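Dear colleague,

I am handing over the structure below, and after it you will find an account of what came out of it. Please read the account alongside the coordinates.

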Amino acid sequence: MTREITLSQAVNEAIAEEMRRDETVLLIGEDVAEAGTPFKVLSGLVEEFGTERVIDTPISEPGFMGIAVGAAMTGSRPIVDLMFGDFLYLVMDQLCNQAAKTHYMSGGKLNVPLVLRTNLGATRRSAAQHSQSLHALVAHIPGLKLAMPSSAYEAKGLLKAAVRDDNPVVIFEDKLMYQDKAPVPEEEYLIPLGEAAILREGSEVTLIGTSSMRQVCEEAAEILERDGIGADVVDPRTLVPLDEGTILGSVRKTSRAIVVDEGHQNFGVTAEIAARISEKAFYHLDAPVIRMGAMDVPVPFSPALEDLTVPTAEGVAANARAIVRGVPVHAP
């Protein structure tokens, strides 16, 4: 049976189900207990599982991330709540030097089965230090897996799969989507890491959108349909591992691709996916692969300026029309 719930409820359900299933699963972070985080995603969990498994920490991201790495190495499966994705910089040593490398440096004898949950996304009026989308930093580090849910359905299925994975997994949720609803089955399900989804089918252009950019691509596809242009919409769902087969299959069918991501465009996710398409589907392309990411500027606090920094459906549709018609594209 399927019902509509918010992304926030889906995350809460996933954590509760995994904590009931496996007593080694614990939750750790700032304000995860009584406060339920600033977004109230975790409300109610401490009442069921107690403060020994839902652990409020001091304001010391490097400290509690280090505790989680040690706990994961010695038999627990911690879920770490990092209040804002911008705080990723504070835990880079624990995440990238310890969690990501322990399995390799131990010759395969040790695993670090932890999940780091955090968020991304601008246009929330939170200014430069609370609005960044830093997932490309994680994707660059061997030994880490990276998931980017685009709706409540993906949020629950990917999180449950991540908790059961023996590798460190980082999940970025878009902070503007916590109250967005989507159909989610009541029965248990998992979404395997490394499995993309084709959400809409067309024959003339492939739109690849990560996280909330999936909705931007879907809206762009609706605009294009009114112009008689059919678009495939692909949600990678995980960037590491990346489902190349689904992406390349779509591009080989449509012969055109636009990659849309909310991270900064320079040296980012759009560049990596576009490069793989260019390398592995070059002879199927009828136009250059187009990248659309965030402007390479700190996120402004001014609403009028902030809204200009991220891709829009209208911008995606304009670029799609251009490559279908063989004319120069607009600026990202």
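Met 295 counts as partly exposed because its relative accessibility is 39%, where partly exposed is the range between buried (under 20% relative accessible area) and exposed (over 50%), with a 1.4 Å probe and protein chains only. This is a predicted model, in which local features need pLDDT of at least 70 and side-chain atom pairs count only at pLDDT 80 or more, whereas totals for chains, interfaces and linings use all residues. Residues are numbered from 1 along each chain as its sequence is written, and side-chain values use heavy atoms, with hydrogens and water left out.

Met 295 lies in the loop between strand E14 (290-294) and helix H11 (303-306); helices (H or I, at least four residues) and strands (E, at least two) are DSSP runs, numbered from the N terminus. Together with Val 297, Leu 305 and Leu 308, Met 295 makes a nonpolar surface patch of about 350 Å². Such patches are made of residues with over 30% relative accessible area and no salt bridge, like charges being joined within 9 Å and nonpolar side chains (Val, Leu, Ile, Met, Phe, Trp, Tyr) within 5 Å, and accessible areas come from the Shrake-Rupley method with a 1.4 Å probe, where for residues only the protein chains shown count as cover.

**Domains**

The domain assignment, which is automatic or taken from a database, gives domain 1 (2-185) and domain 2 (197-324). The centres of domain 1 and domain 2, taken over C-alpha atoms, are separated by 26 Å, and 26 residues of domain 1 are in contact with 24 residues of domain 2, contact meaning heavy atoms within 4.5 Å.

**Salt bridges**

Side chains of opposite charge can pair when their charged atoms come close. The structure holds 27 salt bridges, each being a side-chain nitrogen of Lys or Arg within 4 Å of a carboxyl oxygen of Asp or Glu.

One of them joins the side chains of Arg 117 and Glu 173 at 2.8 Å, N to O. That pair links distant parts of the chain, with Arg 117 in strand E5 and Glu 173 in strand E7 (residues 169-174), 56 residues apart. Arg 117 is buried, with a relative accessible area of 3%, and Glu 173 is buried as well, at 1%.

Arg 237 forms a salt bridge with Glu 154, the closest N and O atoms being 3.7 Å apart. This pair again links distant parts of the chain, since Arg 237 is in the loop between strand E11 (231-235) and E12 while Glu 154 is in helix H7 (residues 152-164), 83 residues away; both Arg 237 and Glu 154 are buried.

Glu 188 and Arg 164 meet through their side chains in a salt bridge of 3.1 Å, N to O. Glu 188 is in the loop between strand E8 (181-185) and strand E9 (197-200), and Arg 164 is in helix H7, 24 residues apart. Arg 164 counts as partly exposed, at 28% relative accessibility. Both residues also belong to a network of salt bridges whose members include Arg 3, Glu 13, Lys 156 and Lys 160.

**Backbone details**

A cis peptide bond, with omega about -5°, joins Val 240 and Pro 241, and Pro 241 is in the loop between strand E12 (238-240) and helix H9 (244-254).

Thr 123, a residue other than glycine, has a positive phi near 65°; it is found in the loop between strand E5 (115-120) and helix H6 (135-139), and is partly exposed at 24%.

Ser 255 likewise has a positive phi, of about 75°, although it is not a glycine, and its place is in the loop between H9 and strand E13 (257-264). Ser 255 is buried, with a relative accessible area of 13%, and a polar atom of its side chain lies 3.0 Å from the backbone oxygen of His 284.

**Two further buried residues**

Ser 133, in the loop between E5 and H6, is buried at 10% relative accessible area, and a polar atom of its side chain lies 3.2 Å from the backbone nitrogen of Gly 121.

Ile 273, in helix H10 (residues 269-280), is buried at 2%. Leaving aside neighbours within four places in sequence, Ile 273 is in contact with Ile 208, Leu 239, Leu 242 and Val 259.

Terms used:
Polar contact = N/O pair within 3.5 Å; in protein donor to acceptor, adjacent residues only side chain to side chain.
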